[in-house]
Amino acid sequence: MCPRQITVLGECVADAFTQSTGARNELALRVLPGGGPANTAVALARLGTPARFLARLSGDVFGRLFRSHLEASGVDLSHAVEAAEPSTLAVAELDAQGQAAFSFHAQSTADWQWTSAELAGIDLAGTTCVHTGSLALVKDPGAGVVEDFLAAAAPRATISIDPNVRPLLVHPEVYRARLAHWCGLADVLRLSEDDLDLLLPGTPPEQACDTWHAAGARLVVITRGADGALASLDGERVRVPAVATPVVDTVGAGDSFTAGLLHHLGTRGLLGGRLTDLSLGDVEAACQFAAQVAALTCSVAGPNPPWQDQLPPLSTDDGVVRHLDSTR
C-alpha cells in the first residue's frame, strides 16, 4: 500500500555548527538546514511518503538554503509562505558524545508569524496525518493560529505532535500549561526523555504516559537515545531497543524517528483517523523501523535523514515484501 500524504507544519532553522579553524580569535560555522518539523518533512519524503510542508520561508540566504534542501528531498512546498522576516538561526556546539547544545537567534523571525489567513485555504482532503510541534506551538504570535489549525484538521486526519522543548527560547512552564490541550488534539505524542524531564520532572515514563493518555493522546512514544524507546498505546506498553550505530551526532534523530514511525503506520493504512485499528504489535513494528531511521541519521553529520533505499524493505501483514517508490 502506498502511503497517503502527510502534512507537516512548523519551522525551518539554520543549524550553524561551530568548527575551529586553528587560528586565534576565529571560529568557522558550517550551516545546515534544520528545524524539527522541517527535518521530519524531509525524512518522510525521503522514505517515500508524500510530504507537504507548511512553512514560512524567508527570502534571505538561509531561506533559499531551506527551499533548495526541501525541494531536493521531494517535499511539497506549494503552500509555503514567502515571508518577509529573516530566518531563525541556531548555533550548535557538539560534545564528545555528539550531543548538541544550541543557542538561538529567533527574535521576530519568519517562523512564528503565522496568521489565520495564511492557513485558512489549506485543503486537507488528501492528507492522512498532520504533524507539528516544537516552537511553532508555543512562540507567539503564531502559536494560537497553529493550534486552531490542528483543531480544524482533527476531524479529517490523524494528529501527531512532538513538543521538542527548547528551554533557552521558551520556558518549560509554557509547554506544561499547553500540553494537556495538545493531548486533547493529538492521536500521537512523540517526545524525548529530555522533554519528559522538562515537562514532568521526576516522573517515571510509564506514569507520564498514563497522564497523557488521560488527557487524550492514544499513542505516546518516549525516545530514550541509546536506551531505545518506550511506546504506550492506551496504557499497553512495549519497549524497543535502539539500533547500534557509530554516532557522529544526534541532531535530528528524534525528528527522523517520528518520520519513521508515521511512515510505517501510513504504509499500513493505519493513519487517517483516531488510530482505532492500531494494535500494540503495529506500534512495536513501527518503532523498530523508526529506530533504524534514527540510527542512520545519527551516523552522519547534521540533520541528514536516510533515503528509502538505504533501509531494508518493508513487509506487509500479508507476507509480501513491498519496495516503496523513493522520491530521490
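Predicted model: local features only at pLDDT ≥ 70, side-chain atom pairs only at ≥ 80, totals over all residues.
**Entry 1: nonpolar cores.** I looked up the largest nonpolar core and found 46 residues in it. F53 and L219 have the most contacts inside that core. I then noted a second, separate core of 41 residues. Among its members are I161, L196, C209 and W212.

**Entry 2: helix α4.** I turned to α4, which covers residues 143-153. Which of its residues are buried? I listed A143, V145, V146, E147, F149, L150 and A153.

Entry 3: I followed β13 (residues 229-233) and β14 (residues 236-240), which run antiparallel. Five bridges join them. L233 stands opposite E236 of β14. Two residues lie between the strands, and D234 takes a positive phi near 50 degrees.

**Entry 4: helices α8 and α9.** How do α8 (residues 253-267) and α9 (residues 280-298) pack? I read an angle of about 140 degrees, with the axes 7 Å apart. The crossing of α8 past α9 is right-handed. On the α8 side, the contact includes F257, G260, L261 and H264. On the α9 side, it includes A286, F289, A290 and V293. I sorted the contact by class: 13 residues are nonpolar, five are polar and one is charged.

Definitions and conventions:
Residues numbered from 1 in each chain as written. Heavy atoms only, no water. Core = buried A, V, L, I, M, F, W, Y, C linked by side-chain atoms within 4.5 Å. Buried < 20%, exposed > 50% of the residue type's maximum accessible area, 1.4 Å probe, protein only. Pairing = 2+ DSSP bridges. Helix = DSSP H or I, 4+ residues; strand = E, 2+ residues; numbered from the N terminus. Axes fitted to C-alpha atoms, helices over the stretch in contact; angles between N-to-C directions. Left-handed = near helix turned anticlockwise from the far one by under 90°. Contact = heavy atoms within 4.5 Å. Nonpolar A, V, L, I, M, F, W, Y, C, P; charged D, E, K, R; others polar.
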